[in-house]
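Trainee: Could we take a close look at a single part of this model?

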Amino acid sequence: MAGAHKIGSLLFCPTCGTLLDLPKDSEEFVLCEQCGHEEPASSYENVEITTTSHPDAFPSALRQKRKTQTKRHDQQDMGTLATEKCPNCGYSQAYSKELQLRSADEGSTIFYTCASCKHGWRVNN
Ligand SMILES: [Zn+2]
Ligand SMILES: [Zn+2]
């Protein structure tokens with residue numbers, strides 16, 4: 001008796017080529033539904049059963065979404081804190097920001113923003 005054709009983990013009927021079912025636990029033969037050929041269950045012993053991995057079994061670490069970091073710009077860049085007396089409220093510290101408005105030889109203008117009352121003024125160097 002010719003053995004069944006094996007393709008991967010599948011067995012095909014040697015007579016008609018029909019895909020044979022896997023033998024049940026107690027069965028010694030697998031009956032071909034097409035031609036009635038009886039394939040011994042032992043033919044399946046060496047068949048490699050390929051287990052299909054479940055998609056959810058994929059490493060979760062690789063699927064973890066990176067935390068999107070949104071930089072907050074809600075705090076305005078007022079410059080560096082300097083010791084400057086506010087002409088509005090008299091507070092001793094203000095944020096200074098030097099801006100080169102005109103050409104270099106005309107000097108720069110320093111903008112001050114009071115750290116207390118947010119009053120703004122500028123000083124020409
Ligand atoms: Zn058959
Ligand atoms: Zn002030």
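Which residues does C86 touch, not counting residues up to four places away in sequence?

Mentor: Before the answer, note that this is a predicted model, in which local features need pLDDT of at least 70, side-chain atom pairs count only at pLDDT 80 or more, and totals for chains, interfaces and linings use all residues. Residues are numbered from 1 along each chain as its sequence is written, while chains are lettered from A and ligands numbered from 1 in the order in which they are written.

Leaving out residues up to four places away in sequence, C86 touches Y91, A94, C114, S116, C117 and H119, a contact being a pair of C-beta atoms, placed from the backbone, that lie within 7 Å. C86 sits in the loop between strand 5 and strand 6, where strands are DSSP runs of E with at least two residues, numbered from the N terminus. C86 counts as buried because 20 other C-beta atoms lie within 10 Å, the rule being buried at 20 or more, exposed at 12 or fewer, and partly exposed in between.

UniProt, in an unreviewed entry, lists C86, C89, C114 and C117 as "binding site". These residues span 32 residues in sequence, yet no two of their C-alpha atoms are more than 8.6 Å apart, so they gather at one spot; such annotations may be inferred rather than shown by experiment.

C117 is placed in the loop between strand 7 and strand 8 (120-124), and it is partly exposed because it has 13 C-beta neighbours inside 10 Å. Apart from neighbours within four places in sequence, C117 is in contact with C86, N88, C89 and Y91.

Technical notes:
Helix = DSSP H or I, 4+ residues; strand = E, 2+ residues; numbered from the N terminus. Contact = placed C-beta atoms within 7 Å.
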